[in-house]
Each structure stands twice: as structure tokens, then as C-alpha cells.
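User: I am new to this structure and would like to learn how to read it. Can you take me through the features step by step?

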Amino acid sequence: SDKYAVIGNPIGHTKSPLIHGQFAQSTAQDLVYTAIEGPLDGFAAAVDAFRAAGGLGMNITTPFKLDAFRYATDLTERARRAGAVNAMKFEGERAYADNFDGVGLVRDIVHNMGCPLQGQRVLVLGAGGAVRGALLPFMEQHPARLVLANRTLEKARALAATIAGPITACSYAELAGQQFDMVVNATSASLRAELPPVPASVFSQAHLAYELAYGKGLTPFLRLAQNAGVAQLADGVGMLAEQAAEAFAWWRGVRPETRAVIEKLTIPLL
Ligand code: ATR
């Protein structure tokens, strides 16, 4: 069988072997997909060892996305812009690298949730790595405007300046009185059950609230959106499945259906 793996640290909670195992089954591809806990100071050696043993491709998760960026011999435009790599494909000496997180998010919103981004007023909370990777795929959908709000305003300003189009940065306080159609929480606040200081008024005309974290149930952000009457609530499980499907298609030349995997991994947001 052809060999693939996800590498991270810690790696115990990863859903990737389950997802890719299901994809392989549903597309009748003969492959094995394992999880590797990479040493914090030994990413390159661990990848080299996997390649030496015949490994053909890898997913890269925390904290190695920047190490993979440095390791790669060939980067796609969006991986370069994201400054991070979440998938690699090995061919001889080459290590081709891409980042499917942003396209996975866009595909989940547009395709799975049926919410076109075109013409929409979109608010994105946060200005870290997750947002950096999502900006280009978001702007390619031609939203009416995209506002980046961040605690550290300077980081949002710097990110907004990297891309052309109707994109602006602001502080959380400046959001008071502004209206949006969609609100995406790309901060890491939910991982600690915290709430970014977003005024509830941003939800008053919104139809979608999207939480990038997954498996956390109804986070404080989603609860605030629900209480404000937002009709569609989602966490990042669909994004996880869609970025996996993109990587799988890149490696194997066949794009798997994601619906069954998403249903299996979804925890009801109650
Ligand atoms: P990631 O790669 O997951 O985006 P990161 O680069 O560490 O992680 O970025 C985390 C983001 O969450 C940042 O935008 C951070 O805001 P600052 O840039 O101001 O630090 C944001 N964040 C984390 N905890 C937060 C909280 N409790 N409230 C608001 N924003 C928070």
C-alpha cells in the first residue's frame, strides 16, 4: 500500500487517519494513513525518515506548519502567502507543499452550507496563522467587504495590507454599530472557552456564524450568535474534512465525497 501520514505534536487527538481511511475506502484507493508524533526539535529528521520508508505524502499540523514551510522545495502561491504548509507530496528529491486550510473553509461555507460569499459583508475575528491562510481564498470569492478585527490592531492592519480588494482592519470596539452578513471566529479564544470581545450587535443582520475550532460544541462565540438570532451556526469540522479532501485529491487524483465523514465527526451544537 502507498504510505501517507499526518505529523504533529501532540497528535493523539487527530481525526486525519479516520478521515483519510474513510476517503481511501470510498474511492477504492490502496493506501495506509498513519499519525506520527514528531519531536519538537526534529521535524525534518522525522519527515526524512518517513520518506526513506517510502512515504508519499503528509499532512502537517501544529506546531510544524512553519517547519514544513521551510522544509518544502516547491511552494504554491497560497502556501507562500499563508506562510504555512499543511500538506506535502514527495517525488524523488522534491517536497511539493500546499496549504488547503483556507480553501477548505471557503468550500465548507459556500458548498456545504450553501452560503455564497460573493457580495457579502464578512467579519473575521483574529489575525493569526488561520486568517493569513484564509485571506486569499476568501477574497477570491468577491465579498462586498471583509473586515478583520483583532485585539492587537496592528496585526490585522498588516494582514489587510497584504491583499488587494475591499478589506479593512479594525479594533473590536470599532465594531459597534457595524452590520455583517457572516461572522467567522478565527481566534484561538474558543480553545480556552473564552470569548473575543465582539459586540453582540454585529450579529443582528447576520445569517451565518462560523467557528474555526471544532469539537468544542457550542462555544461562547456560537452561543452569543445563537442568542442574537443567527440562523446558521457551524464549527470547523466541515473545514477539516474539506481540507483533507483537497489534499487527498492532490495526492490521488480523485476527490472523495465529504458528507459521510462530516456526519460521522459532527457533534450537535446544542
Ligand atoms: P492561529 O494560528 O490559530 O491563528 P495565532 O497565530 O496564535 O493562532 O493567533 C491567535 C489569534 O487569536 C490572534 O488573532 C489572537 O489575537 P492577538 O493577535 O491580539 O493576540 C487571537 N486571540 C486569542 N485569544 C483571544 C481572546 N481571548 N480574545 C480575542 N482574541 C484572541
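**Reading the model, feature by feature**

Analyst: Start with a loop. P10 sits in the loop between β1 (2-8) and α1. Keep in mind that this is a predicted model.

User: What kind of peptide bond joins N9 and P10?

Analyst: Here is the general idea. Most residues other than glycine have a negative phi, and most peptide bonds are trans. Now the case here. The bond between N9 and P10 is cis, with omega about 5°.

User: Which kind of bond runs from T62 to P63?

Analyst: That peptide bond is cis, and its omega is near 5°. P63 lies in the loop between β3 (55-60) and α3 (65-71).

User: And phi? What is the phi of H142?

Analyst: H142 is not a glycine, yet its phi is positive, about 60°. Look for H142 in the loop between α6 (129-139) and β8 (145-149).

User: Let us step back. Into which domains is the protein divided?

Analyst: Domain 1 covers 2-99 + 238-265, and domain 2 covers 102-235. Their centres, taken over C-alpha atoms, are 26 Å apart. Domain 1 gives 13 residues to the contact, and domain 2 gives 14 residues.

User: Which elements give two or more residues to the side of domain 1 that touches domain 2?

Analyst: They are α4 (77-82) and α9 (237-252). The largest share, six residues, comes from α9. By class, this side of domain 1 has four nonpolar, four polar and five charged residues.

User: How do I read a pair of helices? At what angle do α1 and α9 cross?

Analyst: Read the angle, the axis distance and the handedness in turn. Helix α1 (residues 16-26) crosses α9 at roughly 55°, and their axes come within 10 Å. That angle makes α1 oblique to α9. The crossing is right-handed.

User: Which residues make that contact?

Analyst: From α1 come S16, I19, H20 and F23; from α9 come A241, A244, A245 and F248. Sorted by class, the contact of α1 with α9 has six nonpolar, two polar and no charged residues.

User: Now α5. At what angle does α5 pack with α9?

Analyst: Helix α5 (residues 101-112) and α9 pack at about 115°, with axes 7 Å apart. The crossing of α5 and α9 is right-handed. On the α5 side, the contact uses D101, V103, G104, L105, R107, D108 and N112. On the α9 side, G238, M239, E242, Q243 and E246 take part. The classes are three nonpolar, four polar and five charged.

User: How far apart are the axes of α5 and α6?

Analyst: The axes of α5 and α6 are 7 Å apart, and the packing angle is about 60°. So α5 is oblique to α6. This crossing is right-handed.

User: Which residues of α5 and α6 meet?

Analyst: D101, G102, V103, L105 and V106 of α5 meet A130, G133, A134, L136, P137 and F138 of α6. By class, the contact of α5 with α6 has eight nonpolar, two polar and one charged residues.

User: One last feature. How many residues surround the ligand?

Analyst: The ligand is surrounded by 14 residues. The closest are G128, G129, R151, T152 and T187. The shell has four nonpolar, seven polar and three charged residues.

Methods
Residues are numbered from 1 along each chain as its sequence is written. This is a predicted model: local features need pLDDT of at least 70, side-chain atom pairs count only at pLDDT 80 or more; totals for chains, interfaces and linings use all residues. Domain bounds come from an automatic or database domain assignment. Two residues are in contact if their C-beta atoms, placed from the backbone, lie within 7 Å. Helices (H or I, at least four residues) and strands (E, at least two) are DSSP runs, numbered from the N terminus. Ala, Val, Leu, Ile, Met, Phe, Trp, Tyr, Cys and Pro count as nonpolar, Asp, Glu, Lys and Arg as charged, and the others, Gly among them, as polar. A residue is near a molecule or strand if its C-beta atom, placed from the backbone, lies within 6 Å of it. Axes are lines fitted to C-alpha atoms, for helices over the stretch in contact, and angles run from 0 to 180 degrees between N-to-C directions. Angles under 35 degrees count as roughly parallel, over 145 as roughly antiparallel, 65 to 115 as roughly perpendicular and the rest as oblique. A crossing is left-handed if the near helix is turned anticlockwise from the far one by less than a right angle, and right-handed if clockwise.
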